[in-house]
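Student: I have a structure to go through with you. Can we take it piece by piece?

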Amino acid sequence: MKIKRFRAASFSDALKEIKKTFGEEAIILSSEQISSDLVEVVAAVDYEREQSKNTPPAREERDDEIRHLRREIEQLRDVLILMRKSGYQIRMPEKKLSLLKILMGASIKEEFALRLCEKADDIHSLIEVLSREISTMDIKRSKKLVMLFGPTGSGKTSTVIKLASQAIKRGERIAIISLDNYKIVGAEQLRAYTRILRIPFVKTVDIEEIRKTMERFTDVDRIFIDTAGRHPSDERYLNQLKTLCESDLPLETHLIMSASSDNEFLMDSYQYYKEIDIDCLGFTKLDEAVNKGCIYNLSLIYQKPIAYITTGQRIPQDIVFPESKSLARIILGYTDRKSSMKSYEGVDQ
Ligand SMILES: Nc1nc2c(ncn2[C@@H]2O[C@H](COP(=O)(O)OP(=O)(O)O)[C@@H](O)[C@H]2O)c(=O)[nH]1
Ligand SMILES: [Mg+2]
C-alpha cells in the first residue's frame, strides 16, 4: 500500500490530483480544510489491486461538462462516505460551516452542499453561485407541442390549465390534448376547464391522433398535452413517453415534480426518467414544501432548466416563472417574507 498527502485549493482539486496519481482505486484516509483556500487529503492505494484491475471503458455521454460535474459529485460523495465510516468530522472555517448548515437545512444533499461551500464565502456569494448553477427557461419560446409528465398526483393537470390560461392571457391560441385514459376525473376536470376557456380539447392515447390534431388546428399556437400519472418505474408508461419523444412531432417535454415529495423518492426517480428526452423541469406545491433544496438537487442531476414553479391550488394564478437569482433565494428560503407564499408572487412574474 502506498500513502500520500495531497494539498490543494479545494476538495475537488485534491480529488482530481489523487485520481490522477493513484487512479480510481484510491481510498481517502482523512481530509481537512486547513484554511479557506487550502485543503489536505490523505489518500492511499493498494498497488497490487491497482495493477491487476481492468479499467472499464468510460461510459459514453454526450456532454463533457455534465460528465465532469457528475464525476466531481460522485467523488465528493465517496469522500463523505469514507469520512463518516472513519468517524471523521467535517472541519472548515466557521463562516463556511454556517453556509453548510443553511444548505443542508434547505435539504440540499451533503455532497452538493460541500461543493457549493467551496465556491462561496458568504450568503450573497452563495446566492450568486447557486443562481449561476441553475438555469431557467422561457416558456414563451416553447415548441408547438408541450407535454407534461411525471409521478402520480404531482400536479400535471392543474399545471396544464395554469399554463394554458397564462398563454391565452398572452394572446396565444391554445388547444389541449389529454393522454390520460386512466384517471377519468382528471380528464373530465380538464375538459370542464377547456369549456370555460373555450379552447379545443381532444382525448386520445394515439400518436397518429396527436399528429392529426396538430394538422387540424393549424391556427393554434400551442397544444398542451396532459399525461396520466404513474410511478416512475412503470415501464409501459415510460415506453409510451419514449415513443412519443422519438417521433418526429415538434414536442417539448416538461417533467413535473412536487417539491413537497420525499427528497429520496425524487432523487431515485432520476434512474427512470433519465431515459426520457426531457427539455425542462417544473416544480409544484412549493407552498406545501418544508424545504426547497430538492429544486437544486434535481436541477443538478438532471442538468435541465427550470421553467416554472407552482405555489398553490388556485387555478390559474398560482404559478410563477422566476429567473435564476430569485429561484436561488427561494431554494435557500431567503425570500423577503420568508414563510408567506405571497412572497413568490412578487418574484419576476
Ligand atoms: N398545495 C398545492 N396543491 C397543488 C398544486 N398543484 C396541484 N395541486 C393539487 O395536487 C392535487 C393533484 O393535482 P393534479 O393536477 O390532479 O395532479 P396530476 O395527477 O399530476 O394531474 C390536486 O388536489 C391539486 O389541487 C400546488 O402548487 N400547490
Ligand atoms: Mg392528472
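Student: What share of contacts in the protein between residues at least 6 apart in sequence join residues at least 24 apart?

Tutor: The share is 75%. Two residues are in contact if their C-beta atoms, placed from the backbone, lie within 7 Å.

Student: What should I know about the model and the numbering?

Tutor: This is a predicted model, where local features need pLDDT of at least 70, side-chain atom pairs count only at pLDDT 80 or more, and totals for chains, interfaces and linings use all residues. Residues are numbered from 1 along each chain as its sequence is written, while chains are lettered from A and ligands numbered from 1 in the order in which they are written.

Student: How many helices and strands are in the protein?

Tutor: The protein has 15 helices and eleven strands. Both are DSSP runs numbered from the N terminus: H or I with at least four residues for helices, E with at least two for strands.

Student: Now ligand 1. Which residues come nearest?

Tutor: G155, K156, T157, S158 and T310, out of 18 residues around ligand 1. A residue is near a molecule if its C-beta atom, placed from the backbone, lies within 6 Å of it.

Student: Which helix gives the most to that shell?

Tutor: Helix α7, residues 156–169, with three residues.

Student: And the shell by class?

Tutor: It has no nonpolar, 13 polar and five charged residues. Ala, Val, Leu, Ile, Met, Phe, Trp, Tyr, Cys and Pro count as nonpolar, Asp, Glu, Lys and Arg as charged, and the others, Gly among them, as polar.

Student: Different topic. Where is A259?

Tutor: A259 is in the loop between β8 (251–258) and α11 (263–268).

Student: Buried or exposed?

Tutor: A259 counts as buried because it has 28 C-beta neighbours inside 10 Å. The cut-offs are 20 or more other C-beta atoms within 10 Å for buried, 12 or fewer for exposed, and in between for partly exposed, with C-beta atoms placed from the backbone.

Student: What does A259 touch?

Tutor: Not counting residues up to four places away in sequence, its contacts include F283, L286 and I295. A259 and D287 are 28 residues apart in sequence, and their C-alpha atoms are 8.8 Å apart in space.

Student: How about E188, which helix is that in?

Tutor: E188 lies in helix α8, residues 184–197. E188 is partly exposed, since 13 other C-beta atoms lie within 10 Å.

Student: How far is E188 from S178?

Tutor: They are ten residues apart in sequence and 9.6 Å apart in space, C-alpha to C-alpha.
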